[in-house]
Amino acid sequence: MKAFFAEEQLLHLPQQFMRLGRISAPTDVPARAETLRAQLQSRGIDVQAPPDFGREPLAGVHSEAYLDYLEHAYTRWQALRDEGLDPGEEVLPNLSPYYSGRHELPARPPCPSPSIVAQTGYYLSDLSCPVGPHTWRAALRSTHSAVAAADWVRQHQSMAYALCRPSGHHAHRDRAGGFCYLNSSAAAAQRLTQTWSRVAVLDVDAHHGDGTQNIFYQRADVMTLSLHADPSTYYPFYTGYAHERGYGSGHGYNLNFPLPHGAANDVFLQALDSALVALRDYRPQALVLALGFDTYKDDPISVLKLDLEAYRHIGERIQALALPTVVVQEGGYMVESIGPALDAFLQGMSAVRA
């Protein structure tokens, strides 16, 4: 098994995020990635830095206008001081333009205003995505880890793990959200379509993979399936419901499995088995597993109650699919538990293909 991670991914150092009306300490800390890397190394898994692919692998995943904004947002924000203004140390929105979330509508045009303040409201969907001096680089290198893993899988018809941080599955085509800036799972799936005509993305994070759904909602070549806590009272609130099935050419190729809050191993694994029936019916030639550990019972922002044994069962089920697979790390914010969670998953993948 091969793993990919870039040191630059540690450079993203958010200072704050808003939760329940309070400025809160960040939960997406560099220690998350350091802990997971140490766990891989303890199992003798080679962790390799990905090549620098630049922005090219993000074509077809994110809009050029959004990428331009994100790459230059911090510098432009700090330049407000030259206009006699007093911006915060991080880029954060102070307005929220209406967005319907309806995937059947045409894609949003670029922000009509040249103002960095206007564009920040347009492209950052919430107050959990502060942009600091190194956010762009860290997020870009995170996607490079996923793309390098996809290239490894394409070459070896095997499995690879992308230690992605910041996470990505809440990043839509043209906006950040939920700690996510660039969608690494979507970038990996897009890369796999260069080799295979049918790819599936299975998301087992505690939160609905709304960004991934948004990106592929009208496509038949990438099936998206997401298991997550019921979003009616949990982030991302506006999507992740069972009636969302895709649109146009993509109708029938998006499936959501919302779970009751408090669901433990048995309920989660039953839903996973249902999702795998649908996945097998699709007959994908390759898989992206968006792997989150914020389903763990003691995670600070989870409402699900999985224990470590659940991750071993997930690993077993993924291994049994016998598909070329890219595992992309998503959430998981209890630093003390994510290493053991990854180890349990790898135990389930005990017959890992080299």
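**A covered helix**

Start with helix 5, which is mostly covered: 9 of its 9 residues are buried. Bear in mind that this is a predicted model. The buried residues run S184, S185, A186, A187, A188, A189, Q190, R191 and L192. What covers them? The cover includes helix 4 (135-156), helix 6 (210-216) and strand 6 (199-203). Strand 7 (222-229), strand 9 (286-291) and strand 10 (325-329) are also part of that cover.

Now look at the N-terminal end of helix 5. N183 caps it. A side-chain oxygen of N183 sits 3.3 Å from the backbone nitrogen of S185.

Step back to the loop between strand 5 (159-162) and helix 5 (184-192). D174 is in this loop. Buried or exposed? D174 has 6% relative accessibility, so it counts as buried. Its side chain has a polar partner: the side chain of R108, at 3.0 Å. Leaving out residues up to four places away in sequence, D174 touches S63, Y66, R108, Y122 and Y123.

Y181 lies in that loop too. At 1% relative accessibility, Y181 is buried as well, the cut-off being under 20%. Which backbone oxygen lies 2.6 Å from a polar atom of the Y181 side chain? That of P130. For a sense of distance, take Y181 and A275. They are 94 residues apart in sequence, and their C-alphas are 27 Å apart in space.

**Two helix pairs**

Next, packing. Two packed helices are described by the angle between their axes and the distance between the axes.

First pair: helix 2 (residues 64-78) and helix 3 (residues 116-123). Their axes come within 10 Å and cross at roughly 130°. Helix 2 and helix 3 are therefore oblique to each other. The crossing is left-handed. From helix 2, the contact takes in A65, Y66, Y69, A73, R76 and W77. From helix 3, it takes in I116, V117, Q119, T120 and Y123. By type, that is 8 nonpolar, 2 polar and 1 charged.

Which hand is the crossing? Right-handed. Helix 7 brings N265, F268, L269, L272, D273, L276, L279 and R280 to the contact. Helix 8 answers with E309, A310, H313, I314, R317 and L321.

Last topic. Most residues other than glycine have a negative phi, and most peptide bonds are trans. Here are some exceptions.

Go back to the loop between strand 5 and helix 5, where P166 is found. The peptide bond from R165 to P166 is cis, with omega near 5°. F179 belongs to that loop as well. F179 is not a glycine, yet its phi is positive, about 75°. F179 is buried, with a relative accessible area of 10%.

Now move to the loop between strand 7 and strand 8 (254-259), the place of P236. The bond from Y235 to P236 is cis, with omega near 10°. F237 is found in this loop. Its phi is positive, about 70°, and F237 is not a glycine either. How accessible is F237? It is partly exposed, with a relative accessible area of 38%.

That's my tour. Over to you.

Conventions:
Residues numbered from 1 in each chain as written. Predicted model: local features only at pLDDT ≥ 70, side-chain atom pairs only at ≥ 80, totals over all residues. Heavy atoms only, no water. Left-handed = near helix turned anticlockwise from the far one by under 90°. Helix = DSSP H or I, 4+ residues; strand = E, 2+ residues; numbered from the N terminus. Contact = heavy atoms within 4.5 Å. Axes fitted to C-alpha atoms, helices over the stretch in contact; angles between N-to-C directions. Parallel < 35°, antiparallel > 145°, perpendicular 65-115°, else oblique. Nonpolar A, V, L, I, M, F, W, Y, C, P; charged D, E, K, R; others polar. Buried < 20%, exposed > 50% of the residue type's maximum accessible area, 1.4 Å probe, protein only. Polar contact = N/O pair within 3.5 Å; in protein donor to acceptor, adjacent residues only side chain to side chain.
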